[in-house]
Each structure stands twice: as structure tokens, then as C-alpha cells.
Amino acid sequence: MTPSLLLLTTSTLVAELLGVPAPANPPADVVDHTAAAAPAAYWTPERMARALPFDLLSSTVTRVGALAGRLVSPRSVPLSAVRPLGVDQRTIARRSAVGRPASMTMDTVTSGSRWAGGGAVTTTVGRVFLTLNGVDFVCSGTAVRSANRDVVATAGHCVKDGTGAWAENWTFVPGYESGRQPYGSYPARRMFVAGPWARDANDGYDVGMVAVSDRGGQHLTDAVGAHAIGWNAVRGRQTYTFGFPADPPYNGEHLLYCAGMPSDDPYKKTQDQGLKCDLTAGASGGPWFSGFDPVTGQGQLTSVSSFKYSNDSGSMYGPYFGDEVKQVFDTAQQA
């Protein structure tokens with residue numbers, strides 16, 4: 001027996017003799033909620049069209065717990081033309097000698113373009129519809145690889161109003177495009193957020209994981225595919241973020257994206273990273289991918305869109321996926 005094993009065995013034995021529990025991993029700091037499914041007729045196309053996007057351009061103090069106030073607030077996002085694919089971006093493509101794209105590597109920088117690349121993101125990323133405090137809202141979300149094949153990753157404020165109410169009528173519509181719902185909708189059955197979000201509305205933990213019901217006996221990710229999640233990833237790597245922005249100049253009907261190199265929060269208020277991105281409200285909860293392949297549309301999920309500082313509408317911030325967020329996911333994938 002090695003000295004270290006002897007020490008461990010002796011320590012455990014002493015603990016048992018003294019009636020003291022042996023050391024264990026700390027419990028997961030996760031808060032959960034069992035959701036009631038939205039009535040089948042609730043999310044009509046008309047109601048979806050009227051759903052409001054969450055305000056990104058605010059601090060947690062004004063965004064969370066004051067949702068009714070934003071209904072009469074002026075839109076504060078600068079109005080700029082929607083940039084088509086190919087404008088305000090840099091693309092490098094490697095093609096085979098005969099001109100066919102045997103392999104393609106795209107190093108793209110854009111602060112807001114409509115996605116025209118196809119691939120997995122066109123089925124796995126979708127719109128989230130929910131009701132908070134009697135008001136219908138819209139966010140973005142992503143199907144992720146999980147043990148139960150049912151988990152959607154989104155922002156915490158798209159699941160729970162910080163220290164306030166849980167969302168009602170929560171429904172995920174993967175592959176949404178111009179009103180079309182090719183894979184139908186998946187209502188929530190269990191919702192999960194990190195303790196710091198539920199207790200303090202801490203933006204560094206603005207992540208929600210939702211286990212949805214199956215559809216016709218088919219699990220979500222069996223129907224649309226899924227993305228793996230990357231934990232404790234290297235910071236500052238090339239990142240692509242997607243979502244359905246619904247504030248002007250966008251209308252929430254199309255999948256858009258930003259791409260570039262993220263950087264740390266310059267104000268040191270969070271451990272989040274920021275990315276130059278003009279996507280507006282409605283993109284909340286949209287995925288951030290590292291190691292993203294524009295050809296396959298696959299990447300490793302490393303964050304979700306969370307907020308913008310009111311004095312910097314051109315940068316989107318997303319929470320770092322560390323051990324605390326992993327606890328939320330691990331709990332959700334066992335639900």
C-alpha cells in the first residue's frame with residue numbers, strides 16, 4: 001500500500017470512528033423549476049409576431065425585474081442597414097486544384113450578417129418564446145448534446161427573471177425561418193439556472209438550461225441534431241455567435257451571426273467575454289461557438305449572448321462556461 005493510499009484510508013477510518021462524514025464534493029448550486037406546458041393553442045403565429053425581445057442595452061438592474069417598463073422604453077439600438085453576407089467581413093477559402101471546395105476554412109469577421117452558410121446551425125438554433133409576468137417575450141436558444149437528448153441552452157434571463165418569476169409558456173422552435181417551423185415546437189418540462197443568477201441576478205451566470213418534452217415520441221436532438229459544450233475553454237479564441245435579433249433594423253425572422261475574436265470585459269464587472277456584434281434584442285440566449293466550421297455548421301458551445309453595456313451598443317457579452325455552468329448542465333441532462 002502506498003503512503004498516500006494509507007493516509008487516505010486512515011483519514012476515512014478516523015472520520016468514521018468520530019462520526020464525521022468523509023469529505024465529499026460540494027453540492028451543485030443549481031436552482032430548478034418544473035414547468036407547466038404551454039396550452040397547445042397559445043403560441044399562434046400572431047402571438048409569436050407580437051412577442052417582445054428582451055432589452056440587451058441595459059444593466060441587470062434595469063433589465064431584470066422591470067420588464068413591464070421596457071414596453072414603453074424607446075428603442076436605443078442604432079438603426080443601421082442589415083449587412084448582407086459578404087459585406088463588412090473577411091473570408092479566406094481554400095479550394096482544391098480543380099476548383100471544388102474539398103475543404104474550406106473561413107476566417108470571418110463580421111458585426112452582423114445574415115447566415116447563408118447552411119449546416120447544423122440552421123436546424124439546431126431556434127427561437128424561444130416565453131411569458132414573464134404576463135408579457136410575451138422572445139429569445140434565442142440552441143439544442144445541445146446531452147444524456148437525455150432534450151436540453152436547450154439559452155440565457156438565464158430567458159428562463160427566470162433573476163430573483164423574480166420563472167418563465168411560463170416556454171417553447172423552443174428549432175430551425176425557425178420567416179415564420180416557418182420545420183421541426184415544430186418543444187415545450188419546457190424542467191428549467192435550470194445557476195444559484196448566483198436566481199439569488200442575485202449575477203450577469204456572470206446568465207445561463208439557462210431547459211429540458212424540453214419530446215415531440216411525437218422523438219427527442220429534440222434526435223430530430224434536429226446538437227452541439228457539444230466546451231467547458232473552461234481557452235479565452236480569446238475565434239468565435240461565431242448566432243441569434244434571431246428582433247429589434248430594428250432586424251425583425252426576428254432570420255438567423256444572423258457575428259464573428260471575431262472576443263476579449264475580456266473591460267469594466268471587470270463580470271468574467272464574461274465581449275464580441276463586436278450589432279445584433280439587437282431577441283438574440284439573447286443565442287449560441288457562441290469556438291472551433292466553428294462554417295461548412296458543417298458545427299462548433300463547440302462556449303457561451304450564450306447575455307447583455308450589452310449601455311455605453312457600448314456595438315459589443316455583445318456572454319458568460320464564461322466554467323464549472324458552475326457545467327453543474328447546471330449536468331443537472332439538466334439528467335432530468
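Ala 201 lies in the loop between helix α6 (195-200) and strand β9 (residues 208-212), the helices (H or I, at least four residues) and strands (E, at least two) being DSSP runs numbered from the N terminus. Its phi is near 50°, a positive value in a residue other than glycine, and Ala 201 is buried, with a relative accessible area of 10% (buried means under 20% relative accessible area, exposed over 50% and partly exposed in between, with a 1.4 Å probe and protein chains only). The model is a predicted one, in which local features need pLDDT of at least 70 and side-chain atom pairs count only at pLDDT 80 or more, whereas totals for chains, interfaces and linings use all residues. Residues are numbered from 1 along each chain as its sequence is written, and side-chain values use heavy atoms, with hydrogens and water left out.

A positive phi, near 60°, is also found at Lys 268, which is placed in the loop between β12 (263-264) and β13 (273-276) and counts as exposed at 65% relative accessibility.

Strand β8 (residues 186-194) runs antiparallel to strand β1 (residues 30-34), to which five bridges join it, pairing requiring that DSSP find at least two bridges between two strands; here Val 31 has Val 193 of β8 as its bridge partner. Five bridges likewise pair β8 with β9 in the antiparallel sense, with Arg 190 partnered by Ala 211 of β9. Strand β7 (residues 168-174) pairs with β8 over two antiparallel bridges, and Phe 172 stands opposite Tyr 186 in β8.

In the loop between β10 (239-243) and β11 (256-260), where Pro 249 is placed, a cis peptide bond with omega of about 10° joins Pro 248 and Pro 249.
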